[in-house]
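Open the model in your viewer and keep the selection panel at hand. The stops below go from ring to ring and then out to the nonpolar cores.

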Amino acid sequence: MQGDEDATDEVLARRVQAGDRIALERLVRRYVRPVQAVVASFVSEPAEIEDVAQDTFIRALRAIDGYDPARPFAPWLYQIARNVARNRIDAEAVRRTESLSSRDLAAREAQPDRLAEDAEFRAQLARALGALPEQRRTAFRLVDVEEMGAAEAGRIMGITPGTVRSHVHHARRHLRSALAAHADVTEEAGG
């Protein structure tokens, strides 16, 4: 329909509740990247991010009749994304309880030192991100990774732009500190 691009999320959601597939497509297009950014606060593999984002939209569509268009749409969708991502993490934790095979261990030992350092840095970064409170981690991903403004990130998260900026500031400070500690250990080992 003409003018759909200017329709508010809540208007589009109301139309989705009435069975309008075009309105659904508009909402998905509008929110696919923000949902992926929220999901990336929980899972790190690109394929898994896409899967969880897709599951989020499926779950949102199934729950759309329970959505109240008098309330903001973005935080409602964001909460669904968080819940789907948490469920995925819980399922992964169960799968990870299996031990590595000796073949996997041998393959890892055969890698050059540089790959090991890169892997350790990525692991340290993942641990540092994982240690952040959820709101800070999500704000950091939306602003610094997805390059959203604080106002847009705040709308998605259901918080004020000032709170987003505060979360990003604290997240950056935490990451700088955690990664500086890693750099110090790497220099000591190499030097």
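A charge counts as sitting over a ring if NZ of Lys or CZ of Arg is within 6 Å of the ring centre and within 35 degrees of the ring normal. The model you are viewing is predicted. Select R137 and F42 to see such a case: the charged end of R137 lies over the F42 ring, 5.2 Å from its centre.

Next, the aromatic pairs. Searching the whole structure gives four of them. For one, select F73 and W76: their ring centres are 5.6 Å apart and the planes meet at 45°, so this pair is tilted, since stacked needs under 30 degrees and edge-to-face over 60. Both residues belong to helix α4 (residues 73-95), where three residues, about one turn of the helix, separate them.

Is F73 buried or exposed? Its relative accessibility is 5%, so F73 counts as buried, the limit being under 20%. Beyond its neighbours within four places in sequence, F73 contacts D9, E10, A13, L27, Y31, I64 and Y67.

Now widen the view to the largest nonpolar core, which has 39 residues. Y31, V35 and F73 have the most contacts inside it. Colour the elements that each give this core two or more residues: α1 (9-17), α2 (21-40), α3 (46-63), α4, α7 (134-145), α8 (150-157) and α9 (161-190). As a last stop, select L132, F140, A171 and A178, which are among the seven residues of another core, apart from the largest one.

Methods. Residues numbered from 1 in each chain as written. Predicted model: local features only at pLDDT ≥ 70, side-chain atom pairs only at ≥ 80, totals over all residues. Heavy atoms only, no water. Phe/Tyr/Trp six-rings, centres within 6.5 Å; stacked < 30°, edge-to-face > 60°. Helix = DSSP H or I, 4+ residues; strand = E, 2+ residues; numbered from the N terminus. Buried < 20%, exposed > 50% of the residue type's maximum accessible area, 1.4 Å probe, protein only. Core = buried A, V, L, I, M, F, W, Y, C linked by side-chain atoms within 4.5 Å. Contact = heavy atoms within 4.5 Å.
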